[in-house]
Amino acid sequence: MNIPTHTLSLICQWIDARWVQKNDPAAAIELLLLDSRGISAPTAALFFALPGQRHDGHRYLADAYRAGVRNFVVSRSIDPDVLPEANVLLVADSLLALQTLAARHRATFEIPVIGITGSNGKTVVKEWLYQLLHREYQVVRSPKSYNSQVGVPLSVWQMRPRHTLGIFEAGISQRHEMERLAHIIAPNIGIFTNIGPAHQEGFGSLREKVAEKMLLFAAAQTLVFCADHPEIATAAAAWANEKTGRTLVSWSKENRPASLSFSGFQTLPGGQTAFSLQRSGAPADEATECRIPYSDAASLENACHCIALLWHLGIPAARLSRRLRQLEPVEMRLELKAGINRCTVINDAYSNDLASLRIALQFAGQQLRGSRLTLILSDFLQSGQRQSALYAQVAKTLVEYKVGRLIGIGTEIPALRADLPATIESRFFADTDQFLQGAQWHDFHDELVLIKGARAFAFERIAHRLAQKAHKTVLEVNLSALVHNLNVYNRLLTPGTRMMVMVKAAGYGSGSAEIAKLLEFHQVDYLGVAYADEGIELRQAGVRLPVLVLNPEPASFDALFRYRLEPEVYSLSLLDELLAFAGKDKELAIHLKLDTGMHRLGFVPADIPLLCERLRRHPKVQVRTVFSHLAASDASGHDAFTHQQAAAFSAMYDAIQQALGYRPLRHICNTGGIARFPEYHYDMVRLGIGLYGLDSSGLQPQLQVVNTLKATISQVKEISPGETVGYNRNGPVTHPSRIATISIGYADGFLRLAGNGRYPVLVHGHRAPTIGNVCMDMTMVDVTDIPEAREGDEVVVFGEHLPVQELAACLQTIPYEVFTNISERVKRVYWQE
């Protein structure tokens, strides 16, 4: 497999560790692990227990051991009985040890390495450089956007003797982070893409952020950058003057002094752009004509960085020009959607290499709950490895991730047969057309199907055939943004504070089961739902986390007990009914709701003595938590009332815990209170709408948009002045107009208040106001000023560039209601970067 041998004994020296347990110091390490979930190749893996504010890897050592891992790096003393036959190394800082190991591994290679940083474009530049250079070099590169303090070490660890070029990206969010990444990557060549406002909160000024990013190039000899960014150009000039022998490769679109000049930009039909490349000081007749299949500003900037680097590497102009026309889009998202015959389909049909296959299989593992995993896989193109060695690794990976069925498509992939165990059912097809013609679609049922292929195989046709046919309107749910938002709130919690996440109302319209599985994977402590039916759905989907049911009904008590759901109890009458159901034998877990001023549901102070008396008589009924709800946590004008609520809560809680003889968990903070009232985090907090990117407590700039509602244009018509559009002729046309009918109406949750010009949608990034009434299934919008609008085009109803708050204001409501009003017939599509 061409993997260098780093024995555990050598690694011990490299990371300055001390042996705690030594069973096999000669063990060869091939894989680095940080997560006990989804472990592959455990016998050759080294698990680093990384401590964090919310989750500590030391808590999961036993889980990793049970999964077969026998090599560990820890930063605190452990119980030897937990890991009886393991090798255990003790270090002062396990993250630093991971980074040091990656740096020492990098130092064993003398190949050129390109390091990329900047505010935007890092991943696209990296992937395009791979597309442009894989014929000349055996390239190792960061998987997707692995550019963090842990992502960079894992990326660099991929370096193998067969590689002749490394391309790694580095991202930072605050000061003092880049120095560590620079030591790991140690690039010979640097690319600084651009500088912008991303993560500005972590730096005192833009100049400080540029200086921090420039640390990546401390050991580099060459730096590629755009001279049109004055802050970067100034820093680059200073960098070049620090040491002799450093080379600047600059480029400009604005006629600034630079190594290369780009000019004559022309947008061509089909979204292409043509332009000229001129070397500084060269005669005009030496200009190279270039063309790329993109026209947006970001793609042009990314392409210019790539061109500058290839020019520096000496790639002939004609070859460069030819390859630029073949640049493919960089897809960084895995899509999850409902499929035919009760299948779930994960579509990653845009690239295929071993690193991205493992990432896709790990994502599939998060969704797998007892059903079979079927993998549709294409040939691996331009891998640079011998076919036998490559497919032996692929076969091993399929076994590790418990693939039950393989459908191979291509002329090379049948080589897998030699190493594929009999436990994996397999079938092979020469190309995508043969598969589409010969597939038995009824064979796909009640399973998880992962589609993973190189772009040349056009697997999107397979994804379309396997997808459940549905309404053209979709709600896209960005799981990566959701996890980002979860971590924003996690960072606000003091160590030991637990997190409950509310997934009621179908996960605020996003789909409760899918969101719950992701939250379980990311180790939240509790889930909250409104009704028993929602909790039962989670259990049937395989979710095992504790679930609080906020509105239990006596008719659902038996289901609550059978599905291990935990009811909120908010009144003496409800408690009496529950105690009657429990009798003397059933053990039940309940949660007590206190009314401290919201005056919706909950026990009031006068109820507490009787409540305590009943609970004392029924010791098998365990109170898991006691909680209340802040009425105005995000409104500073009512802070005095919030403090009053907290005081009332503490008084009632103290009486309850004294009567019980034990201390149930306490929680009162909702989304708005998490940031504003850390003193009231108590034992647990409840996160709701903030998970989906909405917060009025001051955190909004740190959050990312999770939900994007999209429709399509069904038809475009030319309408003459004097005509009208829609019911009751409420949309008068006063000038020659182009009117588009889009596939969303009030039955989808796009309510009638949005009609008659009161709300715009986005078409090709431009606002198109509604005209006439919103219909049940359709809406008309004015695209007169968007000449490129065509039938089948995508329409954004709300999302990153058209905030849901704007639609909520138009509908005279709040974003909660907009999300929960989205109809069940609107297909949910989940994606993750």
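Guide: Before we look at the sheet, a word on terms: two strands count as paired when DSSP finds at least two bridges between them. Helices (H or I, at least four residues) and strands (E, at least two) are DSSP runs, numbered from the N terminus. This is a predicted model, where local features need pLDDT of at least 70, side-chain atom pairs count only at pLDDT 80 or more, and totals for chains, interfaces and linings use all residues. Residues are numbered from 1 along each chain as its sequence is written, and side-chain values use heavy atoms, with hydrogens and water left out.

Visitor: Thanks! What order do the strands of the open sheet have?

Guide: The order is 9-10-8-11-12-13-14-15-16, nine strands with mixed pairing. At the edges sit strand 9 (139–141) and strand 16 (288–292), each of which pairs on one side only. On average, neighbouring strands of this sheet are turned by 20 degrees against each other, direction ignored. For such angles, axes are lines fitted to C-alpha atoms, for helices over the stretch in contact, and the angles run from 0 to 180 degrees between N-to-C directions.

Visitor: And which strands does helix 4 touch?

Guide: Helix 4 (residues 122–133) packs on the sheet and touches strand 8 (113–117), strand 9, strand 10 (165–169) and strand 11 (189–192). Its direction makes about 165 degrees with that of strand 10. Helix 10 (residues 317–324) also packs on the sheet, touching strand 15 (272–279) and strand 16, and its direction makes about 20 degrees with that of strand 16. Touching here means contact, that is, heavy atoms within 4.5 Å.

Visitor: How many bridges join strand 13 to strand 14?

Guide: Two, and these strands, residues 247–252 and 260–268, run parallel. Ser252 has Ser261 of strand 14 as its bridge partner.

Visitor: Changing topic: where is Ile340?

Guide: Ile340 is in the loop between strand 17 (334–338) and strand 18 (344–348).

Visitor: Why does Ile340 count as buried?

Guide: Because its relative accessibility is 15%. Buried means under 20% relative accessible area, exposed over 50%, and partly exposed in between (1.4 Å probe, protein chains only). Leaving aside residues up to four places away in sequence, Ile340 touches Trp441, Phe444, Arg465, Leu466, Ala467 and Gln468.

Visitor: How many aromatic pairs does the structure hold?

Guide: There are 19. One of them is Phe380 with Tyr391, an edge-to-face pair at 5.9 Å centre to centre and 85 degrees between the planes. Phe380 sits in the loop between strand 19 (372–378) and helix 12 (387–400), and Tyr391 in helix 12, 11 residues apart. Both residues are buried. The rule: rings of Phe, Tyr and Trp (its six-membered ring) pair if their centres lie within 6.5 Å; planes under 30 degrees apart count as stacked, over 60 as edge-to-face and the rest as tilted.

Visitor: Where do Phe649 and Tyr653 lie?

Guide: Both are in helix 22 (residues 639–660), four residues apart, or about one turn of the helix. Phe649 is buried at a relative accessible area of 1%, and Tyr653 is buried, with 1%. Ring pairs link Phe649 and Tyr653 with Phe677, Tyr680 and Tyr682 into a cluster.

Visitor: Last one: how many helices and strands does the protein chain have?

Guide: It has 25 helices and 40 strands. Buried residues make up 56% of the 833 residues in the protein chain. The C-alpha trace spans about 95 × 85 × 60 Å along its principal axes.
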